[in-house]
Amino acid sequence: MELQKFYYDNKIPKFFAVACIFWGAVGMLVGVLIAFQLAFPVLNFGIEYTTFGRLRPIHTNAVIFAFVGNGIFTAVYYSIPRLLKTPMWSNALSKIHFWGWQLIIVAAALSLAMGFTTGKEYAELEWPIDIAITLIWVVFGVNMFGTILTRRERHLYVAIWFFIASWVTVAMLHIVNSFEFPVSFMKSYSWYAGVQDALVQWWYGHNAVAFFLTTPYLGLMYYFLPKAAGRPVYSYKLSIVHFWSLIFLYIWAGPHHLLYTALPDWAQSLGTAFSIMLLLPSWGGMLNGLFTLRGAWDKVREDPVLKFFVVAVTAYGMSTFEGPLLSLKNVNAISHYSDWTVAHVHIGALGWNGFLTFGMMYWLIPKLFDTKLYSKKLAATHFWIGTLGIILYAIPMYWAAFRTYFMLSAFTPEGQLQYQFIDAVQTAIPFYVLRAIGGTIYLGGVFVMVYNLVKTAKQGTFLAREYAEAAPLNKQYVAPAKAHWHSYFERKPMLLLVLSLIVVGIGGLVEMVPTFLIKSNVPTLSSVKPYTPLELQGRDIYIAEGCYNCHSQMIRPFRYEVARYGDYSKAGEFVYDHPFQWGSKRTGPDLARIGGKYPNSWHFNHMLEPGSMAPGSIMPSYPWLFEKELDINSTNSKIHAMRNMGVPYPEGYEAIAKVDLKKQAEEIAANLKSEKIDIKSDKQIIALIAYLQRVGKDIKMEKKLTNQQH
Amino acid sequence: MSIIILIAAVSILIAGGFLVAFLWGVKDGQFDDDFAPPNRILFDDTIKTKIKK
């Protein structure tokens with residue numbers, strides 16, 4: 001058969017690699033800043049754009065979608081053409097993908113700093129950016145599947161299955177979780193409310209970890225680890241089992257983020273069961289990676305690339321052991337809302353994603369520039385610095401989590417809570433300092449890598465194209481007599497795509513549909529009423545300032561939580577919450593029953609200078625809320641949007657909403673005046689106080705109603 | 001929440017269409033070995049005449 005000549009393009013992989021390292025450094029730098037902010041609140045600078053609540057989503061979005069995202073695309077655009085013996089289907093689409101993704105990152109960073117957020121963790125970006133992500137994701141998919149369809153190699157290597165499943169699932173997750181009702185340009189409300197919103201969000205959140213941080217990086221591992229080690233993967237059969245069992249199990253595990261919350265119990269148990277099962281495929285994959293180095297451990301001693309890979313795969317094993325552990329309800333009782341979760345995700349992010357990326361870069365950049373790595377010694381230094389950084393990051397966080405847990409759950413012999421929340425915060429601060437130092441060291445390693453890679457690039461010559469020859473795919477395929485059944489699927493990319501979709505879709509639907517359809521899952525509480533216009537506006541300020549990053553609104557049914565915060569949360573309390581604001585971390589106390597707990601003046605002073613009301617507080621101050629006026633013109637469209645989503649505001653209420661809003665604002669201003677605080681009623685702080693005074697209050701009315709009935 | 005039912009219906013419809021493709025594929029049945037692929041990726045197939053830029 002005639003050989004066809006073609007070339008592999010190295011420009012796009014190079015672009016993605018540079019973007020990956022650049023955004024990685026930026027994202028980690030923001031991470032280091034917010035880590036220090038928790039220990040030294042003065043670093044919030046009293047400026048809205050640099051407060052923790054706005055920077056933390058920038059950090060998470062940057063490291064997930066910019067650092068790891070560009071890392072995925074580097075691996076995909078380098079490996080897929082070589083595995084399939086064809087250039088990418090369309091060079092134009094590759095370029096659109098690259099520049100589109102970078103523009104999205106810039107738009108994301110700017111909009112989050114400005115306070116445009118949907119308030120849903122890891123899905124904070126507002127609707128115009130969500131649409132842009134969808135379009136660019138489709139461009140990526142068309143390019144990838146186009147390449148697969150025009151391939152010269154019939155067999156789809158295991159790495160490609162992981163890329164395909166990742167693409168499909170991320171597309172589905174992003175679309176389903178991003179159903180939002182636009183109110184204006186850069187403002188929308190989640191279409192789902194309360195418990196439903198929480199379920200969709202954590203189904204998304206968990207699977208973003210699975211299909212953005214894990215499966216594409218497993219594809220990366222299955223390509224670059226054997227290449228760097230110079231030997232095939234330990235067991236190809238195991239990689240097949242790994243793939244199918246992993247994608248099937250992962251999609252069901254989301255509810256483990258909502259244990260002991262108001263989510264129906266059966267959904268929680270389902271999440272736990274599947275999380276435990278996940279241990280098997282995860283460890284299968286880890287062992288497959290490590291065993292690939294069987295008989296080659298001498299190489300690990302010499303080669304920094306393999307050093308990084310070994311620790312990355314080990315970190316994968318550790319965090320996938322820890323994950324099922326954290327899904328056990330009794331363990332989760334300790335870990336949820338604590339720094340343990342933060343330690344857990346950073347073992348994954350710094351160890352698995354970070355080290356796998358670094359290993360790939362040390363292997364790839366010399367290849368692209370047709371040279372050897374500038375300094376193996378510097379790379380080894382980076383390896384040890386990075387490892388030390390991870391240890392210094394994680395251990396203090398575990399320690400802090402346990403200490404604060406024991407403090408917050410302690411009772412005196414008389415049956416009173418032994419410690420105030422602020423005592424636990426104060427205990428955690430030294431550990432926050434250590435954690436920030438660990439992160440700084442890790443980031444230092446990244447700069448060592450940047451220097452090493454720049455030197456490597458300078459000493460080499462960039463190979464823009466690498467030529468290759470291969471025969472076209474034979475249409476008439478003759479099956480060998482003996483073959484594994486799975487190899488059939490490996491040659492059918494569209495089929496694989498569909499099967500992945502079905503497998504993954506069944507998991508999601510079975511979990512979500514009953515909650516949507518069975519009304520009894522969310523008991524309606526007659527006393528729970530929609531927010532007043534002013535409270536609704538205040539809630540949007542709460543969301544914009546990222547309060548949910550440090551405060552939960554979900555009291556679990558434990559004695560020490562009920563004694564500290566008030567009655568445990570019920571599903572029916574959240575039916576008008578678009579989006580839900582349960583949070584996932586308590587750096588500050590829970591706010592589910594904050595309404596009516598303190599006078600208005602307390603909130604006023606606390607938002608201006610938290611330390612004045614809560615000595616020792618690490619909360620930043622929010623002076624701009626006292627300067628900026630509330631945009632009351634948006635009230636009309638917000639009420640309108642809420643009613644369209646089923647919130648029972650009376651028909652035509654838009655017309656008088658502003659009047660109601662002003663009336664309530666003036667009442668609060670008058671109340672503050674009676675406590676000798678002068679503030680105009682049109683400031684944002686008034687709305688925020690109105691919201692905080694409402695949170696969790698309605699259900700207290702329920703008790704009165706029930707008492708009257710009996 | 002009817003939007004979810006709609007999404008589910010559309011998904012099932014598309015999945016059904018792909019199921020047909022799957023059945024067609026089964027009849028077209030082809031097999032491959034699982035020894036060569038992991039080894040094949042280790043070999044670089046690029047021709048040494050590289051264009052430098």
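Q: How many helices and strands does chain A have?
A: This is a predicted model, where local features need pLDDT of at least 70, side-chain atom pairs count only at pLDDT 80 or more, and totals for chains, interfaces and linings use all residues. Residues are numbered from 1 along each chain as its sequence is written, with chains lettered from A and ligands numbered from 1 in the order written. Going by DSSP runs numbered from the N terminus (helices are H or I, at least four residues; strands are E, at least two), chain A has 25 helices and four strands.

Q: What is the radius of gyration of chain A?
A: We take it over C-alpha atoms, and the globule rule is 2.2 Å times the number of residues to the power 0.38. For 710 residues that rule gives 27 Å, and chain A comes close to it, so it is as compact as a globular protein of that length. The radius of gyration of chain A is 27 Å.

Q: At what angle do α2(A) and α13(A) pack?
A: Axes here are lines fitted to C-alpha atoms, for helices over the stretch in contact, and angles run from 0 to 180 degrees between N-to-C directions. Helix α2 (residues 52–84) of chain A and helix α13 (residues 339–368) of chain A have axes 11 Å apart. Their packing angle is about 40 degrees.

Q: What share of the 710 residues in chain A is buried?
A: Buried means 20 or more other C-beta atoms, placed from the backbone, lie within 10 Å of the residue's own. For chain A, that share is 53%.

Q: What are the spans of the C-alpha trace of chain A?
A: Think of the principal axes here. Along them, the trace spans about 90 × 50 × 45 Å.

Key. A residue is buried if 20 or more other C-beta atoms lie within 10 Å of its own, exposed if 12 or fewer, and partly exposed in between; C-beta atoms are placed from the backbone.
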